Amino acid sequence: MAQLIEMGGGHFRVEGELDLHSVAELARESARIFPSQREKSQTQAADIVLDLSGVTAPSSAALALMLDWLARARAVGSQMQINHWPESMVRIARFSNLGELLGLAEAVPEKAKAGP
């Protein structure tokens, strides 16, 4: 089971296994990250920082959640920075041609291939 932990100041940390079930739970919790339209009109959109260093056993559903959260951030006028991508998520994203869309081009450099 995964948890969304509020660290304060627009910083959040995701911990635990990101499978299909836990991603659905986190998607429901996204109201904690993204203000409603009413709240948005009362406050200026803040930047959001998401730390994935506590994520274990991520699946492709985790990538779908990150895409959703990035879109939600843009919709409320915020920027979202995702840090500490698990290596397996990076591999899935690159294999699915989502690396650029998720901002992985510079965030996580590819390992250099060993020569013969």
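Predicted model: local features only at pLDDT ≥ 70, side-chain atom pairs only at ≥ 80, totals over all residues.
User: In which sense do β2 and β3 pair, and over how many bridges?
Analyst: Residues are numbered from 1 along each chain as its sequence is written, and side-chain values use heavy atoms, with hydrogens and water left out. Helices (H or I, at least four residues) and strands (E, at least two) are DSSP runs numbered from the N terminus, and two strands pair if DSSP finds at least two bridges between them. For β2 and β3 the sense is parallel, over 6 bridges.

User: Which residue takes a positive phi in the hairpin of β1 and β2?
Analyst: β1 and β2 pair in the antiparallel sense over 5 bridges. G8 has H11 in β2 as its bridge partner. The hairpin has 2 residues between the strands, and the one with a positive phi, near 65°, is G9.

User: Which are the edge strands of the sheet?
Analyst: The open sheet has 4 strands with mixed pairing, in the order β1-β2-β3-β4. An edge strand here pairs on one side only, and those strands are β1 and β4.

User: How far apart are the end C-alpha atoms of helix α3?
Analyst: The expected span of a helix is 1.5 Å times one less than its number of residues. Helix α3 has 16 residues (60-75), so it should span 22 Å. The model agrees, with its end C-alpha atoms apart by 23 Å.

User: At about what angle does α3 run to β4?
Analyst: Axes are lines fitted to C-alpha atoms, for helices over the stretch in contact (heavy atoms within 4.5 Å), and angles run from 0 to 180 degrees between N-to-C directions. α3 lies across β1, β2, β3 and β4, and its angle to β4 is about 150°.

User: What is the mean pLDDT of the protein, and what share of its residues reach 70 or more?
Analyst: The mean is 82, and the share is 80%.
Over residues 37-43, however, pLDDT is below 50, and beyond near neighbours in sequence this stretch has 3 contacts. To restate the values asked for, they are 82 and 80%.

Note on methods
pLDDT = per-residue confidence, 0-100.
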